[in-house]
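Here are my notes on this one, point by point. Have the model open while you read.

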Amino acid sequence: MSDTNDRKVTRVDVAREAGTSVAVVSYVINNGPRPVAEATRQKVLAAIKKTGYRPNGIAKALASGSTQTYGLVIPDISNPFLASIAHALQREAFKYGHVLLLGDAGDSRVREKELINNLLLRQVEGLIYTSVDRHPYVDLIQSSGTPCVMLDRIEAAEGISTIQVNEKLAAYKITRHLIKHGYQNIGIICGPNEMLNTQDRLNGWKAALTEAELSIQQKWILSGEYTRDWGYQAIYQMREEGFPDAIFATNELQAFGCLKALAELKLRVPEDIALVCFNGTVQSEYTVPTLTTVRQPVDKIAQKAIHILQNWPQKEAICEVEFELQIGHSCGC
């Protein structure tokens, strides 16, 4: 249709092409509220294809009161664990006809707040959120009235439910696993000291060593970023003080960096030094050696988060999910 080439195609154009009314076109597009004869429906669908008409999703959402979108705000999408969470959430949301809008905070609290405001302005039907440092902008979300599921170990509040893993307990158990192997000198490579998940993982490590009456040596507590580069640098820093028997890297990326540095130094894992990590993904199964790691049940977390939003409103809840130890070869098993 030449008269629509330079302007947006409307339902009027579709109706003209199909030889029907605009109302009939609307009934076909919205699958109601009135029935349309099959022959007429096919004419409308053919006209839509010929004209290239695309329904205005925003207008439809405003009319129906549903945007069919959820927002996700996470600290850093380059983290394999967080990427796996995002993937599982998108897959689960799609089962219910919803799209997930991703907000990557880049480990910045300022950007995190901007992303939340932006998603709320887009009228997402629910927010799934894990904060950069576990100090979330709860008041901002509550004032909007938007349902929210936190993937953080915080208290539930009005309009805020949480899905949690006991990270202190998980860190304690994986450190205990090293102790059962007979390692007595165990170091830890942490994330930033100010982050609460760093503190949880560090405290779990300390609790296991204290229970076993093993010394906690400050020289083997190294804090930096949750990155490959920091894991790599930390190994070279440890070399200056002498290596422990085993290392607990508090995230998977750090462990990848450790493996590279140890290989460069001709140190074998686990023969010369054992290595375990936190928040492992499927990638831990493809390192040499395979990594022993704490695994969070990503699919179960995604199912619970979307289920909570789909069944809102309901009483705020705290859902604790179980972690598991994925045993690889890096610990000496």
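1. Let's start with Val14, which is buried, with a relative accessible area of 0%. (Buried means under 20% relative accessible area, exposed over 50%, and partly exposed in between, with a 1.4 Å probe and protein chains only.) Val14 sits in helix α1, residues 11-18; helices here are DSSP runs of H or I with at least four residues, strands are E runs of at least two, and both are numbered from the N terminus.

2. A word on provenance. This is a predicted model, in which local features need pLDDT of at least 70 and side-chain atom pairs count only at pLDDT 80 or more, while totals for chains, interfaces and linings use all residues. Residues are numbered from 1 along each chain as its sequence is written, and side-chain values use heavy atoms, with hydrogens and water left out.

3. What does Val14 touch, not counting residues up to four places away in sequence? Val25, Val44, Ala47, Ile48, Thr51 and Tyr53, where contact means heavy atoms within 4.5 Å. Take Val25 from that list: Val14 and Val25 are eleven residues apart in sequence, and their C-alpha atoms are 7.2 Å apart in space.

4. Next, Asp200 in helix α9. Asp200 counts as buried, at 17% relative accessibility. Leaving aside residues up to four places away in sequence, Asp200 touches Arg134, Arg153, Glu167, Lys168 and Ala171.

5. Now the largest pocket, with a volume of about 640 Å³. Of its 33 lining residues, Pro75, Leu82, Thr130, Asn197 and Arg201 are the closest to its centre. Two or more lining residues come from each of α5 (80-95), β5 (160-164) and α9 (196-211). For the terms: on a 1 Å grid over the protein atoms alone, a pocket is an open set of points where a 1.4 Å probe fits, with protein on both sides within 12 Å along at least five of seven lines, and lining residues have an atom within 4 Å of a point.

6. The lining of that pocket divides into 13 nonpolar, nine polar and eleven charged residues. (Asp, Glu, Lys and Arg count as charged; Ala, Val, Leu, Ile, Met, Phe, Trp, Tyr, Cys and Pro as nonpolar; the others, Gly among them, as polar.)

7. Last, aromatics: a search of the whole structure finds one pair. Tyr232 and Tyr236 are tilted, at 5.3 Å centre to centre and 50 degrees between the planes. (Rings of Phe, Tyr and Trp, the latter by its six-membered ring, pair if their centres lie within 6.5 Å; under 30 degrees is stacked, over 60 edge-to-face, the rest tilted.) Both tyrosines lie in helix α10 (residues 228-241), and because they are four residues apart, about one helical turn separates them.

Conventions: Points joined across faces, edges and corners; volume = space filled by probe spheres on them.
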